[in-house]
Amino acid sequence: KEKEISFEERAEITNNKMAKKLFQIMSLKQSNLCFSADVESFDLLLKLADEIGPNICILKTHIDILNDFNMDKVQELVNLSIKHNFLIFEDRKFADIGNTVKSQYSGGVYKISQWSNFVNAHSIAGSGCVQGLKEAALQYDEPKGCLLIAQLSCKNNLIDKTYTEKTVKLAEEHSDFIFGFICQNKLTDNPGFIHITPGIQFNENNGMSDNLGQQYTTPEMAILQNKCDVIVVGRGILKSENPAETALKYKNTAYEAYLKRLNL
Ligand code: BMP
């Protein structure tokens, strides 16, 4: 049986600067929790980021659902990410030809490349899409990165096993920029690739209902059984009475599950 490698060791092993930075934050803060800040008010997002920031390694945004977007507030978010030492992940899910995603990533209203540490892309468009994003990222001194969506949490999605396998192959071919996956279970033993998993709630059946096809699993299942590295939690935290307290519970549960996996 293969030995589990710690986040700390993985930070050492990987040549990908984004992965290194993330693994370092995870081991320093003892957190493998990503908070999905799916709110429509930027002011609320900033308040939550300040409260929850100490307990997360990543804050995930959907910048295009904010009603009061502006670049000054983006700067405040960046300041909070420095204050609390978390990374900003814009969940943009790029999926077009290279030339288009390059503009979508760096231009437009949101100028995502300026403030996000990393983004994600569907693998459907192939290497040109990855190449386009990579080119746009090259203009920055600090590391930028991208995750490929290898699996989805929602019911009846069209991704099959072959698509997932091809996605892993695409990631391996671009491992200077692609440093992991959005997925539901571990896909590769390459320690440099991180597995980030949405669709998480403490009580997957009695939790908040989602009538739009979202499927939930528990933090323990995701980390211990499915061997993922990071859990993504949105409504499990947002809809709770005390989001900061609940985030701490998710953080502790996910990290304990990781420690248990290391010692198995
Ligand atoms: P929630 O925990 O409230 O269900 O939110 C999950 C978040 O993760 C959402 O922002 C969603 O866009 C994202 N997500 C997902 O739920 N499943 C996937 O397969 C990929 C995602 O990015």
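**Ground rules.** I am working with a predicted model, in which local features need pLDDT of at least 70, side-chain atom pairs count only at pLDDT 80 or more, and totals for chains, interfaces and linings use all residues. Residues are numbered from 1 along each chain as its sequence is written, and side-chain values use heavy atoms, with hydrogens and water left out.

**Entry 1: α3 and α4.** I began with helix α4 (residues 71–84), whose axis comes within 10 Å of that of α3, with a crossing of roughly 5 degrees. Axes here are lines fitted to C-alpha atoms, for helices over the stretch in contact, and angles run from 0 to 180 degrees between N-to-C directions. The helices themselves are DSSP runs (H or I, at least four residues), numbered from the N terminus. I therefore noted α3 and α4 as roughly parallel to each other; angles under 35 degrees count as that, over 145 as roughly antiparallel, 65 to 115 as roughly perpendicular and the rest as oblique. On the α3 side, the contact (heavy atoms within 4.5 Å) includes Phe42, Leu45 and Leu46, and on the α4 side Val74, Leu77 and Leu80 are among the residues. By class I have 7 nonpolar, 1 polar and 5 charged residues in the contact of α3 with α4. Ala, Val, Leu, Ile, Met, Phe, Trp, Tyr, Cys and Pro count as nonpolar, Asp, Glu, Lys and Arg as charged, and the others, Gly among them, as polar.

**Entry 2: α3 and α11.** Next I checked α3 (residues 42–52) against helix α11 (residues 243–263): the angle is about 50 degrees and the axes are 9 Å apart. That makes α3 oblique to α11. Leu48, Glu51 and Ile52 of α3 meet Pro243, Ala244 and Ala247 of α11. I sorted these residues into 5 nonpolar, no polar and 1 charged.

**Entry 3: α5 and α7.** Helix α5 (residues 98–106) packs on helix α7 (residues 127–137) at about 40 degrees, with axes 7 Å apart. That makes α5 oblique to α7. The contact includes Val101 and Tyr105 of α5 and Gly132 and Leu133 of α7. Its residues divide into 6 nonpolar, 4 polar and 2 charged.

**Entry 4: the ligand.** Which residues are closest to the ligand? I found Asp38, Lys93, Ser153, Tyr216 and Arg235, out of 15 residues that surround the ligand (a heavy atom within 4 Å). I then looked at polar contacts, meaning pairs of N or O atoms within 3.5 Å. A polar side-chain atom of lysine 93 sits 2.6 Å from a ligand oxygen, and one of serine 153 is 2.7 Å from a ligand nitrogen. For histidine 62, a side-chain N or O atom lies 2.9 Å from an oxygen of the ligand.

Technical notes:
Helices (H or I, at least four residues) and strands (E, at least two) are DSSP runs, numbered from the N terminus. A polar contact is a pair of N or O atoms within 3.5 Å; within protein, one must be able to donate a hydrogen and the other to accept it, and residues adjacent in sequence count only if both atoms are side-chain atoms.
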